[in-house]
Amino acid sequence: MNRFLVIIIAFVIFSCSEKPKPKQDILSSIEVGITNTSIVILGTAQDAGSPQIGCKKECCIELFEDVTIERRVISLGLIDTENQKTYMFDATPDIGKQMKMLTTIETKNDKELVDGIFLTHAHIGHYTGLMYLGKEAMDAKSTPVYVMPKMEIFLNENGPWNQLVERENIVLHKMVNEAPVRLSESIEVTPTLVPHRDEFSETVGYHIEGPNKSALFIPDIDKWDKWEKDIVAEIKKVDYAFIDATFYSGKEINNRDISEIPHPFVIESIKMFEGLSEKDKSKVVFIHFNHTNPLLDPNSQESLLVLQKGFKIGRINDVFEL
């Protein structure tokens, strides 16, 4: 009788234990040394970060109280191992920690500054980190900043950004839509215009071509069907697609007019991409999460569902070899 009881108890324990959760086949820059040219995710949150200022929702309360949980605004790092150089995509309010992280990973030189910064547009999470290159902070010397024409005008004609230009803390390099910027014999970056709320500048995504693989980076876009290009076709052309996942669904927005902040919902993107092969689905890396987005929590049901469907979710320190 006692033996039977033990068997029953053991069965209950194992049947109630947590089922294995789907994992992403991505290595962390902390887990492995980077020996090949790679992209590293430096941040994943929307412009205002997570937790967000003034937020009293459950998604933020614990984060304000628990300082051990750290989230950073969206940025990608590019490490050119062959030439010992580093580049950042977007200059966020978290640029200090992000730049330190990126330059520390590149172990073959001791530079504290990256070799260039590519900006996507003039919304607060994507360019305001430039202020830390000024005289009140690092007082950088001639850091290359790659910009589109309207972004160049915006930085040149508005303070405090024009002070960075005048003091040569930064040197602006004007880009042309769909014209590649060659960084080395094996790396080039091409800006591509995307529809977004362009109050101060145009908005671009980037096609990043490495020695062996390529990536698409579109942190902000209004809706996929507003773009002159076919996002499904663009995903098929590259090895990685880091794309806008600001809101999981419209349910998150209960106190704002969604028409004023349009983005493709994750559930919309999943439906649009459902015809992709498993290989092409695995290229999609969702990034740029609003503080309300459940994908910020790796253990949320929404995160598990996205992984089960074959897509990836961007996490800080994730490494993607080019």
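Tutor: Let us begin with a definition: a residue is called exposed when its relative accessible area is over 50%, buried when the value is under 20%, and partly exposed in between. Please keep in mind that this is a predicted model.

Student: What makes Lys281 buried or exposed?

Tutor: Its relative accessibility is 12%. Buried means under 20%, and therefore Lys281 counts as buried.

Student: How do you know that Glu278 forms a salt bridge with Lys281?

Tutor: The closest N and O atoms of Glu278 and Lys281 are 3.9 Å apart. The rule asks for a side-chain nitrogen of Lys or Arg within 4 Å of a carboxyl oxygen of Asp or Glu, so the pair qualifies. Because Glu278 and Lys281 are 3 residues apart in helix α9 (residues 278-281), about one helical turn separates them.

Student: What are the corresponding values for Glu234 and Lys237?

Tutor: The closest N and O atoms of Glu234 and Lys237 are 3.0 Å apart, and the two form a salt bridge. Both residues lie in helix α7, 3 residues apart, about one turn of the helix. Glu234, at 11% relative accessibility, counts as buried, whereas Lys237, at 57%, counts as exposed.

Student: Where in the chain do Glu268 and Lys223 lie?

Tutor: Glu268 and Lys223 form a salt bridge, with the closest N and O atoms 2.9 Å apart. This pair links distant parts of the chain: Glu268 belongs to helix α8 (residues 266-272), while Lys223 is in the loop between β11 and α7, 45 residues apart. The relative accessible area of Glu268 is 35%; this value falls between 20% and 50%, so Glu268 is partly exposed.

Student: How many salt bridges does the rule give?

Tutor: The count comes to 12 salt bridges.

Student: What makes strand β11 (residues 214-218) mostly covered?

Tutor: In β11, 5 of its 5 residues are buried. Ser214, Leu216 and Ile218 point one way, Ala215 and Phe217 point the other way, and all are buried. In a regular strand the side chains alternate between the two faces of the sheet.

Student: How do you know that β11 pairs with strand β10 (residues 204-209) and with β12?

Tutor: Pairing requires at least two bridges between the strands. β10 and β11 have 4 bridges and run antiparallel, and Ile208 has Ala215 as its bridge partner. A hairpin of 4 residues joins β10 to β11. β11 and β12 also have 4 bridges, in the parallel sense, with Leu216 opposite Ala241. Together, β11, α7 and β12 make a right-handed β-α-β unit.

Student: What makes strand β4 (residues 85-89) mostly covered, and which strands pair with β4?

Tutor: Of the 5 residues in β4, 4 are buried. Strand β3 (residues 75-80) is joined to β4 by 5 bridges, and the two run antiparallel. β4 also pairs with strand β5 (residues 117-118) over 2 bridges in the parallel sense. Here Met88 stands opposite Ile117. The chain crosses from β4 through α3 to β5, a right-handed β-α-β crossover.

Student: Which residues have the most contacts inside the largest nonpolar core?

Tutor: They are Ile117, Leu119, Leu130 and Leu155, in a core of 30 residues. α3 gives the most to this core, with 5 residues. Leaving aside neighbours within four places in sequence, the contacts of Leu155 include Leu119, Leu130, Val147 and Leu172.

Note on methods
Residues numbered from 1 in each chain as written. Predicted model: local features only at pLDDT ≥ 70, side-chain atom pairs only at ≥ 80, totals over all residues. Heavy atoms only, no water. Core = buried A, V, L, I, M, F, W, Y, C linked by side-chain atoms within 4.5 Å. Buried < 20%, exposed > 50% of the residue type's maximum accessible area, 1.4 Å probe, protein only. Contact = heavy atoms within 4.5 Å. Right-handed = clockwise from strand over helix to strand, strands pointing away.
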